[in-house]
Amino acid sequence: MQVEISAKAAVLMDAGSGQILMSMNEKEKLYPASVTKIMSMLLVCEALDSGKIALNDRVAASENACSMGGSQIWLEPGEEMTVDDLLKATAVYSANDACTLLGEYVAGSEEAFVQRMNERAKELGMSDTHFVNGTGLDDTTDEHLTTAYDIALMARELLKHPIIREYSTIWMDTLRGGETQLVNTNKLVRSYKGITGLKTGTTDKAGCCVCATAERDGLSLIAVVMGSENSNQRFDGAKSLLDWGFSNYECFTPSVDRSDWQPVRVIGGTMESFIPVVPPMEPILLVRGEKASITCRITPDADVQAPVEQGQRVGTVEFLIGDEVLCEYPLLCEEAIPKIGFWDFLKKIITCVGLE
């Protein structure tokens, strides 16, 4: 562990690649408290993206949701609130009643929602996680457990939904026309440069936990701290992890300039040549200072035989540091090039001799 963390477990992950940059007891099963809500919010975001629910949907509070203890916005049975406000209350204030109501709305019941949470955890490779509820309340269970590593996995997935930042970066807001004030439980939101969220959690069993996410210059990091003895220790730990990550790593997004590329010659095609294209390129995690040493090597095929299919590989482009290949992408034919037919060939001859 390169930095000192006062906690039972910790992880620093690069959100782009999923690479673990630092860890301590990352596979130890622990109580996550309200950090659990990362999974709940992920399922809500996925339901929004699929069109199953909408932000302006109004949801009537159930008796079950209103019975939740801990942090809450004091929903009354039958009270209606939009998905937008419920998600805000969950992300900012960690409201257990709002989170439970969202789960019921997405899946039909709290039980069905928790089942989906566990299914999604398996899909994400969270092999050491078992959820009992969508809130993280653990006073009546010893089986609601996860790990720092698994939390980083689900946080990485949630960050793929840009809408969540509209909620997780709010410091203060209100509900019910200003009657209910919300203050973010993540104090790093108002103090840490580049913070993007994400979720805190505290219970007697879990201690103080936080999953803090931040982005600078294209580098997105996830810091998870579990089981700190007090709130300051979890935030200090997360800040130390993020500071170390930003100090030691940088993000490089490969790009190529096609303007000086040599064309690929086509034999027997309706086109004599074409300039290849490359697929979208993903950012690369680098040790800070390595970016200046990167070179690009482009190796197009000398020629290709028609017909050429759209998307056909016609060479490679590589990015290297020394002899080490960091990443490789195919050179592709952008559009199909048919084999030249008799009449095409005849027309070409006529054009060449000036008879047309």
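1. Phe252 stands opposite Ile284 in strand E13. E13 covers residues 284–287 and pairs with strand E10, residues 249–252, in the antiparallel sense over four bridges. Strands here are DSSP runs of E with at least two residues, helices are runs of H or I with at least four residues, and both are numbered from the N terminus. Two strands count as paired if DSSP finds at least two bridges between them. In E10, Tyr249 and Cys251 point one way, Glu250 and Phe252 point the other way, and all are buried. Buried means under 20% relative accessible area, exposed means over 50%, and partly exposed lies in between (1.4 Å probe, protein chains only).

2. A note on the model. It is predicted, so local features need pLDDT of at least 70 and side-chain atom pairs count only at pLDDT 80 or more, while totals for chains, interfaces and linings use all residues. Residues are numbered from 1 along each chain as its sequence is written, and side-chain values use heavy atoms, with hydrogens and water left out.

3. An open sheet has three strands in the order E14-E16-E17, with antiparallel pairing. Its edge strands are E14 (294–300) and E17 (324–332), each of which pairs on one side only. The twist averages 20° from one strand to the next. E14 and E16 (residues 313–321) run antiparallel and are joined by seven bridges. Thr299 has Thr316 in E16 as its bridge partner.

4. Two helix contacts involve H5. Two packed helices are described by the angle between their axes and the distance between the axes. Axes are lines fitted to C-alpha atoms, for helices over the stretch in contact, and angles run from 0 to 180 degrees between N-to-C directions. The axes of H1 (residues 37–50) and H5 (residues 110–123) come within 10 Å and cross at roughly 95°. That makes H1 roughly perpendicular to H5; angles of 65 to 115 degrees count as roughly perpendicular, under 35 as roughly parallel, over 145 as roughly antiparallel and the rest as oblique. The residues that meet include Met39 and Leu43 in H1 and Phe113 and Met117 in H5.

5. The axes of H4 (residues 96–107) and H5 come within 8 Å and cross at roughly 85°, which makes H4 roughly perpendicular to H5. Thr100, Gly103, Glu104, Val106 and Ala107 in H4 meet Glu110, Ala112 and Phe113 in H5. Contact means heavy atoms within 4.5 Å.

6. Helix H6 (residues 148–158) is mostly covered, with nine of its 11 residues buried. Among the buried residues are Ile151, Leu153, Met154 and Leu158. Their cover includes H1, H5 and strands E1 (9–14), E7 (195–203), E8 (207–216) and E9 (219–228).

7. Is Thr147 buried or exposed? Thr147 counts as buried because its relative accessibility is 0%. Thr147 lies in the loop between H5 and H6. Leaving aside neighbours within four places in sequence, its contacts include Glu26, Lys29, Asp128 and Met226.

8. The largest nonpolar core has 63 residues, of which Ile38, Met39, Ile73, Cys211, Ile222 and Val224 touch the most other members. H1 gives the most to this core, with nine residues. Such a core is a set of buried Ala, Val, Leu, Ile, Met, Phe, Trp, Tyr and Cys residues joined through side-chain atoms within 4.5 Å. Leaving aside neighbours within four places in sequence, Ile38 is in contact with residues including Ile151, Met154, Leu198 and Cys211. A second, separate core of 26 residues includes Val3, Ile5, Ala223 and Trp244.
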